[in-house]
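Please read this briefing alongside the sequence and the model.

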Amino acid sequence: MDLYTQVEADIKAAMLAKDMAKLQALRGIKKEFIEGKTAPGSNGELSDDAALKILTKMAKQRRESARIYEENSRPELAANELAECAVIESYLPKPLTPEELKSALTEIIAKVGATSPADMGKVMGAATKALAGKADGRAISAMVKELLNK
């Protein structure tokens, strides 16, 4: 089952369970998916890769909003954002541990043939595609720098 169909089924389940917090988050996801389907350049379909990019972006936005709310002494709003983030993250693949990330990046570096920090662009291009949704871009970048500087 693709992510779009899964979200639609979960919306129905949340409606039946009267889980308003989850329902709100799921409706937000569905809205973003529909916008992705109808965006210029799309063919009316939403691949799981595109859906993962949308979900990753949404989760990052929720975390950032929660951080800002916390800084401005608005814990109730931060809690709402974190609750939505938890629902969004439930559709993302399990994030890689630092050890798994290091081994995956070591393989990518070997495959690309990178030997110095000057090759970071090649590695980052391949790594962000291969690890989409599994690792944060900053974490990938930091680990690549560390591995290429050895």
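**Overview**

The mean positions of the chain's 23 positive and 22 negative charges lie 2 Å apart; Lys and Arg count as positive and Asp and Glu as negative, while His and the chain ends are not counted. Each charge is placed at NZ of Lys, CZ of Arg, CG of Asp or CD of Glu. This is a predicted model, in which local features need pLDDT of at least 70 and side-chain atom pairs count only at pLDDT 80 or more, whereas totals for chains, interfaces and linings use all residues. Residues are numbered from 1 along each chain as its sequence is written, and side-chain values use heavy atoms, with hydrogens and water left out.

**Fold and dimensions**

- The chain has seven helices and zero strands, where helices (H or I, at least four residues) and strands (E, at least two) are DSSP runs numbered from the N terminus.
- Taken along the principal axes, the C-alpha atoms fill a box of roughly 55 × 45 × 25 Å.
- Among contacts in the chain with a separation of 6 or more, 57% are between residues 24 or more positions apart; contact means heavy atoms within 4.5 Å.

**Surface and burial**

- The accessible surface of the chain is about 9300 Å², and 56% of that belongs to carbon and sulfur atoms. Areas come from the Shrake-Rupley method with a 1.4 Å probe, and for residues only the protein chains shown count as cover.
- Of the 150 residues, 32% count as buried. Buried means under 20% relative accessible area, exposed over 50%, and partly exposed in between (1.4 Å probe, protein chains only).

**Nonpolar cores**

- A nonpolar core is a set of buried Ala, Val, Leu, Ile, Met, Phe, Trp, Tyr and Cys residues joined through side-chain atoms within 4.5 Å.
- The largest core has 22 residues, and those touching the most other members are Leu3, Val7, Leu26, Ile29, Phe33, Leu55 and Tyr91.
- Two or more residues of this core come from each of helix 1 (3–17), helix 2 (20–38), helix 3 (48–71) and helix 4 (75–89). Helix 3 gives the largest share, six residues.
- Apart from this core lies another, of 16 residues, including Leu105, Ile108, Ile109 and Met124.
- Beyond neighbours within four places in sequence, leucine 3 is in contact with Phe33, Asp48, Ala51, Leu52, Leu55 and Tyr91.

**Positive phi in two loops**

- Most residues other than glycine have a negative phi.
- Lysine 18, not a glycine, has a positive phi of about 55°. Lysine 18 lies in the loop between helix 1 and helix 2 and counts as exposed at 64% relative accessibility.
- Serine 73 has a positive phi near 55°. Serine 73 sits in the loop between helix 3 and helix 4 and is exposed, with a relative accessible area of 59%.
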